[in-house]
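Please read the points below beside the sequence and the coordinates.

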Amino acid sequence: MSKCSADETPVCCCMDVGTIMDNTDCTASYSRVFANRADAEETLAALTEKARGVESEPCQITSNFTDVTEGVKLDIDFQFACEAETLIFQLGLR
C-alpha cells in the first residue's frame, strides 16, 4: 500500500469516492472571446440549459460580458449544489 491518507483497497487499487470528491469544488468556470455579443449570448443560453439539466438544486450562474479588441469576452461561473454535478456538467461539455 502507498503511504497516502486515502482509504485504498489493496486488492483492486480503488479509493473511496469521498477521497476525490469532497464537495469543496462546486464551481465550473467558462471563458471565451466571441466575434460579437449575439454569439456570446447564444453560448450563455446553451450552457445555462446544460447546467439546468444537471442541477438538483438551482445552479447559481454568474455571467459577465466584456468588450475587448477581438470582440466580446464572456466569463461564466456555474455554482452547483455539489461537486458531482459540477463534474457531470464539465464532462458533458467535452
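1. Read along the sequence, the protein chain follows the order β-β-α-β-α-β-β-α, and its secondary structure comes to three helices and five strands. Helices (H or I, at least four residues) and strands (E, at least two) are DSSP runs, numbered from the N terminus.

2. This is a predicted model, in which local features need pLDDT of at least 70 and side-chain atom pairs count only at pLDDT 80 or more, while totals for chains, interfaces and linings use all residues. Residues are numbered from 1 along each chain as its sequence is written, and side-chain values use heavy atoms, with hydrogens and water left out.

3. Of the 94 residues of the protein chain, 21% count as buried, where buried means under 20% relative accessible area, exposed means over 50% and partly exposed lies in between (1.4 Å probe, protein chains only). Among contacts in the protein chain with a separation of 6 or more, 62% come from residues 24 or more positions apart; contact here means heavy atoms within 4.5 Å.

4. Three strands form an open sheet in the order β3-β5-β4, with antiparallel pairing, and two strands are said to pair if DSSP finds at least two bridges between them. The edge strands are β3 (27-34) and β4 (60-68), each of which pairs on one side only. From one strand to the next the twist averages 10°.

5. On one side of the sheet order, nine bridges join β4 to β5 (residues 71-79), and these two strands run antiparallel. Within this pairing, F65 has L74 of β5 as its bridge partner, and V68 has G71 of β5; a hairpin through two residues joins β4 to β5. Eight bridges join β3 to β5, again antiparallel, and there the bridge partner of S29 is D77 in β5.

6. Which strands does helix α2 touch as it packs on the sheet? Helix α2 (residues 37-54) touches β3, β4 and β5, and its direction makes about 15° with that of β5. Helix α3 (residues 83-92), for its part, lies across β3 and β5 and runs at about 30° to β3. Axes are lines fitted to C-alpha atoms, for helices over the stretch in contact, and angles run from 0 to 180 degrees between N-to-C directions.

7. Two packed helices are described by the angle between their axes and the distance between the axes. The axes of α2 and α3 come within 10 Å and cross at roughly 135°. The two helices α2 and α3 are therefore oblique to each other, since angles under 35 degrees count as roughly parallel, over 145 as roughly antiparallel, 65 to 115 as roughly perpendicular and the rest as oblique.

8. The residues that make the contact are L47, K50, A51 and V54 of α2 together with E85, I88, F89 and G92 of α3. By class, this contact has five nonpolar, one polar and two charged residues, where Ala, Val, Leu, Ile, Met, Phe, Trp, Tyr, Cys and Pro count as nonpolar, Asp, Glu, Lys and Arg as charged, and the others, Gly among them, as polar.

9. Not counting residues up to four places away in sequence, E85 touches V54, E55, S56, E57 and F80. E85 and T27 are 58 residues apart in sequence and 9.5 Å apart in space, C-alpha to C-alpha.
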